[in-house]
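User: I have a structure open here and would like to go through it with you. Could you start with the place where the chains touch?

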Amino acid sequence: MKVFIAGAGEVGFHISASLVREGHDLVIIERDREKVQRLEKLLDVLVVQGDASNPHILRANGIETADLFFAVTNDDPTNLLSALTARKLGAARAVVRLGQVFHEFNPLLQDDPDLIPMYPEKLVAEEILALIKVPGASRVRYFAQGRLVLLHVRASRDAGVFGKPLQDLRGPEGWILTGIRRGSKLIIPRGDTTLQSEDVFYAVGRSESIPEFMESLGVKAQPVRHVVIGGGGQVGRTLARLIVAERIKVTVIQRSAERAFQVASEVPEALVLRGSATDPEILREGGVQEADYFVAATQSDEDNIFAALLARELGARSTVVLYHSSEFRNVLRTVRLGVPLSPRLVVAGMILRMVHRREVLSLDLFEEGDAEVVEFEVPARARVLRRPLKRLRFPRSSIVGAVVRGEESFVPDGDFTFREGDRALVFTLPEALTSLEKMFSDR
Amino acid sequence: MNLHGVLFLLGRILLALAAALVIPAAIAWFNDGPELRAFLVSVVLAAVAGLVLTRGFRQKHDFRFGRREAFVLVAAAWVTASIVGAFPYVFLKGPGFVVDALFESASGFTTTGASILTDVEVESDALLIWRSLTQWLGGMGIIVLGIAILPKLAIGGMELLGAEAPGPTAEKLTPRIAQTAKALWGIYAALTAIEAAILFFLGLRPVEAIAHAFTTMATGGFSTRNASIGAFDSVAVDLVVTLFMVLAGANFALHFKVVRGKPGALFRDPEFQIYIGILVGATILIATNLVAQGGHDALSALRDALFQVTSIVTTTGFATATFSAWPYFSAVLLFFLLFMGGCAGSTGGSIKVVRNVIVIRKLATDLRRKIHPHAVLPVRLGARAIPDDVVASVTTFFILFLTLFAAGGLALVLLGLDPLTSFSASATCLGNVGPGFGIVGPDRTFAPLPVAAKLILVAEMLIGRLEIYTILVLLFLRRRA
């Protein structure tokens with residue numbers, strides 16, 4: 001596949017690396033000379049220095065043969081203009097990364113189905129909201145129009161689920177444990193797997209029975225009443241708006257006076273404090289000591305980590321930390337600060353998914369390279385149709401989490417047999433992907 | 001300072017006033033009345049003065065107008081208009097009437113509606129029309145009119161509009177300021193014509209229908225009858241006048257949007273909603289009080305309360321009842337409503353709904369700030385957050401208004417008037433309402449007041465009509481500063 005990427009920032013670099021590894025042809029257009037040179041050294045790609053909306057540059061590099069054009073610079077107008085130009089010049093599909101949500105109403109984006117807008121900040125905000133609505137979980141992802149959910153959650157020590165093999169445990173109806181993170185390893189559980197107290201679970205089940213599931217793990221789900229957000233940027237603002245719509249109290253801390261006024265006027269229901277999120281005085285004034293969640297969403301990774309540490313110290317029950325630079329991912333894991341989220345990885349995940357042309361859901365959410373949730377549609381002559389699930393010889397490192405059949409969706413048991421048109425959500429380690437693809441392909 | 005430009009424009013305004021004076025002169029001529037001579041002399045005087053200024057300070061280039069020129073011109077224009085407007089009264093009633101004539105004329109142009117004429121019913125049609133016409137011209141603003149008819153005044157026009165416009169900020173409705181001015185005057189004239197037609201069909205004499213339409217739309221309040229609108233004793237007339245007072249007290253920018261095909265604009269506007277809320281709320285309170293303590297029956301209480309409340313809140317000043325003799329609660333509530341005023345961008349005077357709302361909400365946010373010292377708490381109006389500098393300016397206005405009200409009232413007390421008369425007269429003139437309480441109640445006139453009191457009130461009327469800043473700023477203008 002021939003892929004153009006406009007902008008070699010964090011996002012551009014991240015996706016380039018993955019796409020090159022997968023054997024795609026990449027043309028990267030970047031304005032900054034230093035970035036161009038760095039990229040040329042590190043990756044086997046064609047890097048062009050210049051403006052991505054320059055038709056000469058696009059034509060000279062064969063834009064008319066491009067299968068995909070990604071406009072992922074940090075500037076909305078540049079992205080919009082270069083994607084529109086690329087489409088006009090013949091790129092088959094173009095994806096535009098946009099920060100400002102008002103572009104949703106831009107008529108330029110409305111009549112071309114192959115010009116696909118993407119709002120990473122909004123996606124991240126929605127991601128955080130989903131988390132907040134399921135207290136105790138550190139990842140929440142909905143499928144099948146919200147009827148099914150994948151949770152990432154740690155069980156309470158006194159839940160009584162530890163030390164016994166899985167087949168002896170009775171979880172709530174309609175839930176399945178699809179993965180266990182033990183230290184740095186990810187395990188796909190079998191009936192004889194024994195749970196240990198340090199384990200973190202991935203589980204798939206019905207959205208309406210989330211409370212029952214959490215209860216079975218001994219997680220006390222106190223309803224969220226107050227969220228403090230450090231940083232009133234695009235993510236912070238969007239999140240504040242989403243949270244007040246859920247009738248949850250929101251406090252936003254924003255350093256610049258102008259931004260603070262903007263947040264206060266856009267989200268009237270939120271209390272906006274002017275000051276630094278790393279100032280304990282301000283955090284206390286915002287009531288972080290009684291907050292159920294502290295979301296660190298400033299532009300600076302360092303500030304986010306520091307603010308979240310402070311908030312936790314002051315008594316915030318849970319923290320969510322945004323980071324932009326991938327170097328911070330490991331730091332965040334070491335200090336074990338609540339949930340780390342990266343808007344850039346969200347974009348990267350979406351883009352990879354589009355290149356793969358299959359619904360790799362929430363790839364962005366999981367630790368890089370260790371697990372994916374893949375959605376497969378069952379074609380007419382697939383191998384999985386032949387016998388019930390337990391006799392299918394499914395790869396050991398993957399597990400069917402849920403099946404969507406028409407309007408129905410459910411967690412299958414061993415006696416379940418696929419039908420044509422079913423959609424399967426498979427939780428898998430990367431090594432099993434190839435054999436899974438064979439099983440679900442039309443022969 | 002572009003003094004040449006200011007004087008030239010002043011000349012133009014004098015010519016416009018001369019043209020306006022032709023209307024009552026024509027009526028006098030048509031009625032073959034003895035007042036014709038007074039009006040003709042007035043026309044000639046204004047025209048000659050205007051010609052001298054326009055010829056003497058003819059402008060070779062387009063005007064360059066700054067804030068300074070804007071303030072000076074607007075203030076000078078209104079003082080000039082008040083003086084020219086007084087000519088007919090003086091020529092009709094003699095030199096001893098000079099102060100009273102100035103009072104009546106200023107009360108006209110500033111749309112106050114306070115009168116020194118003890119018996120208007122004996123006055124000629126020509127004078128009654130002139131009286132109402134001054135209010136009509138002053139209602140939308142002589143500068144707005146000037147901008148509408150003076151295409152040359154392109155640069156600095158916004159400054160001028162801002163110096164005269166009622167409300168915290170002047171709003172351009174169209175790309176060009178002259179179009180905005182024309183649109184405003186067009187809507188104003190159309191509404192006036194409609195009201196005059198309806199009143200005519202309800203049986204008023206043409207002159208009376210037109211005169212009352214003039215003074216309703218201007219929220220002026222001059223009437224052709226001693227008993228004001230009450231003289232017609234008609235529910236229909238009451239309701240029609242009430243409706244048009246409400247429209248005149250609403251923001252004309254909203255009327256413009258309605259005319260441009262956005263009928264929802266009026267009712268979606270937060271200030272308009274609060275304005276209607278105040279009218280309804282005060283009417284219910286007063287009607288209840290009138291039934292409970294005033295011995296009214298429910299229906300007449302409602303009718304009187306609605307009319308009086310609308311008249312006071314919109315700062316029109318018509319009356320259908322002697323509200324100064326109402327039970328204390330109703331009277332005091334009406335007194336407080338003298339400080340309410342219509343919406344920003346209306347022809348109404350006083351503080352204006354939006355400013356009162358902003359000041360009250362500012363108080364609320366300041367109290368909240370005691371708990372959260374770092375909180376960013378914008379003052380809101382509907383979905384809009386008001387920028388802090390506008391809030392500060394509105395607060396200053398509010399304080400200045402109350403200070404001037406208190407100072408004016410105190411000065412009248414010093415002149416020997418009773419406190420009720422003094423403070424209500426100060427409030428009613430500063431707010432451009434009209435009738436007050438005590439000896440200046442709705443069934444009385446301002447005639448018996450001492451000369452000094454009348455001059456103080458004239459100053460208050462002009463300061464109030466020009467939204468305080470325009471006049472007060474002149475005191476701070478230093479030469480070549």
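Analyst: The contact, meaning heavy atoms within 4.5 Å, takes eleven residues from chain A and 14 residues from chain B. Please keep in mind that this is a predicted model, in which local features need pLDDT of at least 70 and side-chain atom pairs count only at pLDDT 80 or more, while totals for chains, interfaces and linings use all residues. Residues are numbered from 1 along each chain as its sequence is written, chains are lettered from A and ligands numbered from 1 in the order in which they are written, and side-chain values use heavy atoms, with hydrogens and water left out.

User: How much area is buried between chain A and chain B?

Analyst: About 1,000 Å² is buried between them, with carbon and sulfur atoms giving 63% of that area; buried area is the accessible area (1.4 Å probe) that two parts lose on being put together, summed over both. On the side of chain A, the residues that lose the most area to chain B are A:Phe261, A:Leu271 and A:Glu285, which together make up 51% of what that side buries.

User: And which elements of chain A give two or more residues to that side?

Analyst: They are helix H8 (257-266), strand E14 (271-274) and helix H9 (280-285) of chain A, where helices (H or I, at least four residues) and strands (E, at least two) are DSSP runs numbered from the N terminus.

User: What does E14(A) pair with in chain B?

Analyst: E14(A) pairs with strand E1 (residues 375-376) of chain B in the antiparallel sense, over two bridges, and pairing requires that DSSP finds at least two bridges between the strands. Within E1(B), B:Ala375 is the bridge partner of A:Leu273.

User: How many salt bridges are there between the two chains?

Analyst: The count between chain A and chain B is zero, taking a salt bridge as a side-chain nitrogen of Lys or Arg within 4 Å of a carboxyl oxygen of Asp or Glu. Over all chains, however, the count comes to 25 salt bridges.

User: OK, show me one of those, and why does A:Glu104 with A:Lys122 tie together separate parts?

Analyst: A:Glu104 forms a salt bridge with A:Lys122, and their closest N and O atoms are 2.9 Å apart. A:Glu104 lies in the loop between strand E5 (94-97) and strand E6 (115-118) of chain A, whereas A:Lys122 lies in helix H5 (residues 120-133) of chain A, so the pair ties together parts that are 18 residues apart in sequence.

User: Last topic: how many helices and strands does each chain have?

Analyst: Chain A comes to 13 helices and 22 strands, while chain B has 20 helices and three strands.
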